[in-house]
Amino acid sequence: MTNSNTPWRPLRERQGKTGERPMVEGTPDFLLKPLRVWLVHAVTLRDLIDLKRSLELRLWRNDIFQMGGVTGTAIMDVLLEGEELFEAVDAALDLHNWLLASDVEPDSHQWWVWMARDLMMILDEAHSEWEVNHLVNGLVRRVDPTAAQAVAAVVKDASADASAHLSKAWDKAYGFRPDPGDAYSEAVKAVEAAVIPVTIPRSGKPTLGTALKHLEDTESQWSLVIDDKTGQPTPARVVIGLIDLLWHGQRNRHAGGPTTKPISQETAEAAVHAAVTLVQWFTSGAIRKAP
């Protein structure tokens, strides 16, 4: 989601002599060393705070690093591999995001920009299944580049509130430790942030449910810029139907009901992509009210 460039492909692949390059899972030897070196640099190049200690405390372990070397020279190395190594990298990203936000080290920003870019390059060039997320505070599973670019464009153009919730929804759905329930909740909030200012900006109860009811009551006043089969703007029922689906599909919103159930990973991903479409439509003016 952070890199909109077309990834490099081997010459034989570009010439059609082999299939598409598969995503790299885990940490094969060619990826293991660069990730370990990056993690060491991420926790040793600062002076004002013990990031190694902070990282190990966050992950509840004391065996991430080892010290070695010869002739009295101490060299730090990482012991982790596979999912455990990615977990440590993910935690390091969040740790530095916290440091920058709290101004613990005010001169750290440019250094961390370069560190984050270096990690993005490592993961992109290896064609890893993981990439750095939009907020640069964790890892997310790599998805189809076209879909990722579309989400990045919507996040860039939407309001600050809608963008923040949409980014969180994406990270909760595709992050290293996905949380389907939170992903769905953030998707709904992103749509609320885009829909409410357009439909019920002065409402005393600004929820997506209230906006949905307003759209249903005033359906004839709204249309989509896409024409229908008669050449006329598509009625708002298409938009209303998608909002209704997203609103009522959040079956974990209230406890104890006969239809209450946890949100599955598949449901969360579908909800996030529906939210991307709705945020884009309402942000761009694709949903219009008759003058």
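Predicted model: local features only at pLDDT ≥ 70, side-chain atom pairs only at ≥ 80, totals over all residues.
A helix here means a DSSP run of H or I with at least four residues, numbered from the N terminus. Keep that in mind, since I will refer to helices by number.

The whole chain, briefly. It has eleven helices and seven strands. Of its 291 residues, 42% are buried. If you take contacts between residues at least 6 apart in sequence, 63% of them join residues at least 24 apart. The accessible surface is about 16,000 Å², and carbon and sulfur atoms account for 53% of that.

Now one residue. His 96 sits in helix H4, residues 82-102. Is His 96 buried or exposed? The cut-off for buried is under 20% relative accessible area, and His 96 has 4% relative accessibility, so it counts as buried. Leaving out residues up to four places away in sequence, His 96 touches Ala 42, Leu 51, Trp 111 and Trp 112.

Next, helix H6, residues 145-157. With 13 residues at 1.5 Å a residue, H6 should span 18 Å, and its end C-alpha atoms are 18 Å apart, which agrees.

Which residues of H6 are buried? They are Ala 148, Val 151, Val 154 and Val 155. These residues cover an arc of only 125° around the axis, so they lie on the same side of H6. What does that side pack against? The buried residues of H6 pack against helix H7, 160-174, and helix H11, 265-284. On the face of H6 turned away from the buried side, you find the exposed residues Thr 146, Lys 156 and Asp 157.

That is all I have on this one.

Conventions: Residues numbered from 1 in each chain as written. Heavy atoms only, no water. Helix = DSSP H or I, 4+ residues; strand = E, 2+ residues; numbered from the N terminus. Expected span 1.5 Å × (residues − 1). Buried < 20%, exposed > 50% of the residue type's maximum accessible area, 1.4 Å probe, protein only. Arc of directions from axis to C-beta. Contact = heavy atoms within 4.5 Å. Areas by Shrake-Rupley, 256 points an atom, 1.4 Å probe, with all protein chains shown as cover.
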